[in-house]
Amino acid sequence: MALDSQVPSGPMSEKWDKHKFDLKVVSPANKRKFHIIVVGTGLAGGSAAASFAELGYKVTAFCYQDSPRRAHSIAAQGGINAAKNYQNDNDSVYRLFYDTVKGGDFRSREANVYRLAQLSENIIDQCVAQGVPFARDYGGELANRSFGGALVSRTFYARGQTGQQLLLGCYQALARQIGLGAVEMHGRSEMLDLVVVDGHAKGIIVRDMVTGEIKSYAADAVVLATGGYGNVFYLSTNAMGCNVTAAYRAYKKGAFFANPCYTQIHPTCIPVHGDYQSKLTLMSESLRNDGRIWVPKKKGETRSPNDIPEDERDYYLERKYPSYGNLAPRDIASRSAKEVCDEGRGVGETGMGVYLDFSDAINRLGEDTIRARYGNLFHMYEKITDENPYQVPMRIFPAPHYTMGGLWVDYNLMSNLPGLFVIGEANFSDHGANRLGASALMQGLADGYFVIPYTIGHYLAGVTPGEVKADHGEFKKSEEDVKQRVHKLLSIDGKRTVDDFHRQLGRLMWEECGMARNEEGLKKALEEIPKIRDEFWENVKVVGENEELNQCLERAGRVVDFLEFAELMCEDALDRDESCGGHFREEHQTEEGEALRNDDNYTHVSAWEFTEVGKKPNLHKEPLEFEEVPLAQRSYK
Amino acid sequence: MNLTLYVWRQKNAGDKGRMDKYEAKDISPDMSFLEMLDVVNEDLEREGKDPIAFDHDCREGICGTCSLNVNGVAHGPEKGTTVCQLHMRNFKDGDKIYIEPWRAKAFPVVKDLIVDRSAFDRIMQAGGFVSVGTGGAPDANAIPISKEAAEDAFDAAACIGCGACVAACKNASAMLFVAAKVSHLANLPQGKVEAKRRVVNMINQMDLEGFGNCTNYYECQAACPKEISVKFIAQMNREYFRSLRYKEK
Ligand SMILES: Cc1cc2nc3c(=O)[nH]c(=O)nc-3n(C[C@H](O)[C@H](O)[C@H](O)COP(=O)(O)OP(=O)(O)OC[C@H]3O[C@@H](n4cnc5c(N)ncnc54)[C@H](O)[C@@H]3O)c2cc1C
Ligand code: SF4
Ligand code: FES
């Protein structure tokens, strides 16, 4: 099948304006006849749901938390990019566009990225109008900081809680619409299937997580904004409930999954410390503004960090990348950390850690300034590790954090299934093979506030409202499938817990499909995953029943999907026989150990079509063209 | 270390509920409180018993989902800490730990340690926002906001909506939560425009939901994991009286 990205013609800077004009518009009187389902109310889904309702559409929204205010967007710490050039440091839409395309290692769609950079400015305006308390200077203007992969200061922030403040802004807009009766909100509700009628997405199947009721919801369009799948690794910086279920079930119903192997391993997280550990904690990238990363020059160093003299330290990022230094992009910083640890120069009990040292910054700026900038992060670090980072360097290590892959969408953010739109981290579009810091919040809000409110109208203008109802046969069939799966899970009554399987899968994925990958390892994983899955279906123990709040059942359902999805990730990683961004195939590196792309064969998006569980999916390719930013090897030296 | 837990078990909203006893064995001081419960739960699951249901998600102290009363204290003994960030090094071998849900009329128990906090959402829906639609916002730097005002707004906006303030208050009052939102928005020029309506509507909804009155015990501030200050309650009261005067005109 030919994948049509629907990218408009014309000069890059005019595409979006031209396209907006070409989009069909639904008249105000007709808008209320159309019903839109929004699954997920984080930054992407929350902003979309509120904006749809403001336009007059009828909206039903779902999230698995008890309240939309708790979506995992809340955990974003560092900030959000925008090409405002308030610092007069020569930033521009074009520079943000350029940095993002380059940061993504030339594997994103240029036109989408350009639009994102354009819309970045509106986002900041919108959020300020909502009352988001961004950091300010004494003159009353907005403050900025720097993030990885950029030489300008364009990151807006609200202490170390930017995601929280942005999400509260968006939640408030959504709450207003709920209060007005324009959005019907269902918390503690999990989408377990997508319903497709005559090729169009027409609704979803949802389990009420309190009563266990499995119910159909029909609409004229479905928007998925269900976040990323980092929890396929078991340990990640994601919240415990983050899952691939909604996206994966849509994939099984015919939506293509694009670039699933593009995962981001974030360089600065608190290292793993025990088997019982349930999640990993991020230490924001913003710390790299003032912290210096180093390891001892000597292998097997036993002295405490403060006793190691300056000339016996290796500030390896500053050494290897003199111009970007500690602000090298994430994929590069993570791989460098792995490299020095593999050499035996890692620190901490496990040897899987590097230092992030603030002593220079504290000497230069004083402890108070550092506390004002990062106080909450230092506090969190101390709570978890019982060490005081004002006195001893932090120990950090890379951890799974963000997933650039996701459901395939065109320029309108619609998947290959008409009527199914995908926004935020759940789609694949803007970050290529590596996302730059502070650009996920930007993308989620651009999608939700400023793109989809226009593009969905274009689709709706071509369909009859209310055509399909929830009593349609396809709904009944999907409901039955979901019920059967639940019933099966509850009746296995084996010996191993759900988490036990999830941990096993996570370890395998981290080893073979994590920071570095190779053919042999991926093939091994492709043999192992089906075995774990088979054992799961024979030997898992899911206690309780469906007709109650059952957290064990919830987790089991998510692990079922991870167990299938992991195979898709490995297939993609194996198929992409090149290194790019976060996808590092050991077979393909430069002499200096940098990712080596193969532009002749892989300048495309890999979009996978489901066939059967355990069978190889079909590959569809969307060729990528680089009109504006010429393909080049990334250099951060 | 080994611990004895006494945990509130309640099958659903209709069930009466009771305290059950569990042993938590080989607990590492580096575990978080919730990881300790994970260990107990995994053992229960292996035995085919219903694990203890508790709310949690981010486990980073920011989403406000976790909500446990530990030895009678909302979020447990460590100041300024959510229970997901509470580490077992705060306990010692042989300790007895009592774990209960938030107790408040407006927060009915859903199951075991999980309560229904949708009353907070409804208070927000009544007025906890700035009525601006998407699009049409002026340039973000068009209205300068002093650093002090922005910081003040932020101090209030840091509330994570966990409900510990209600759980800690002997009147089960939601004043700190409501005051935090009212003050966050009232401290910013963007929020001032409808400040009077907002405070009235939010307080009315708070009363409708069955939260108690504030009689200045300040237990809320002591329990709040984000250390939201009671000075915001005073600010809300001022806002409220100002709005009454406004109405009479
Ligand atoms: C610790 C951390 C720090 C970060 N810091 C930054 C940063 O500083 N800057 C930046 O730009 N980005 C950052 N990111 C990335 C960024 O926060 C996320 O990519 C972004 O917030 C995702 O938003 P979203 O709306 O797509 O998804 P989410 O906010 O994850 O929302 C997902 C929604 O989908 C719902 N959902 C999921 N599955 C289902 C289902 N099956 N049924 C029903 N509902 C479902 C959830 O309930 C939720 O409402 C960070 C990420 C993490 C983990
Ligand atoms: S005021 Fe504090 S205790 Fe109350 S909901 Fe907000 S964060 Fe929780
Ligand atoms: S689980 Fe998110 S605050 Fe505790």
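The structure is a predicted model, in which local features need pLDDT of at least 70 and side-chain atom pairs count only at pLDDT 80 or more, while totals for chains, interfaces and linings use all residues. Residues are numbered from 1 along each chain as its sequence is written, chains are lettered from A and ligands numbered from 1 in the order in which they are written, and side-chain values use heavy atoms, with hydrogens and water left out.

Along the principal axes, the C-alpha atoms of chain B fill a box of roughly 65 × 35 × 35 Å. Of the 249 residues in chain B, 58% count as buried, where buried means under 20% relative accessible area, exposed over 50% and partly exposed in between (1.4 Å probe, protein chains only). The domain assignment divides chain B into domain 1 (3–110) and domain 2 (117–243), with bounds that come from an automatic or database domain assignment. Taken over C-alpha atoms, the centres of these two domains of chain B are 28 Å apart. Between them, 21 residues of domain 1 of chain B are in contact with 19 residues of domain 2 of chain B, contact meaning heavy atoms within 4.5 Å.

Ligand 2 has 13 residues around it, and B:Cys159, B:Cys162, B:Gly163, B:Cys165 and B:Cys224 come nearest; a residue is near a molecule if one of its heavy atoms lies within 4 Å of it. Helices H4 (164–168) and H5 (175–186) of chain B each supply at least two residues of this shell.

In chain A, helix H6 (residues 162–179) has 18 residues, which at 1.5 Å a residue should span 26 Å, and the 25 Å between its end C-alpha atoms agrees; the expected span is 1.5 Å times one less than the number of residues. H6(A) is mostly covered, with 17 of its 18 residues buried. Just after H6(A), A:Gly181 takes a positive phi of about 80°.

Elsewhere in chain A, A:Glu567 lies in helix H16 (residues 551–575). A:Glu567 counts as buried because its relative accessibility is 9%. Beyond its neighbours within four places in sequence, A:Glu567 is in contact with A:Leu526, A:Ile529, A:Pro530, A:Arg533 and A:Gly614.

Conventions
Helices (H or I, at least four residues) and strands (E, at least two) are DSSP runs, numbered from the N terminus.
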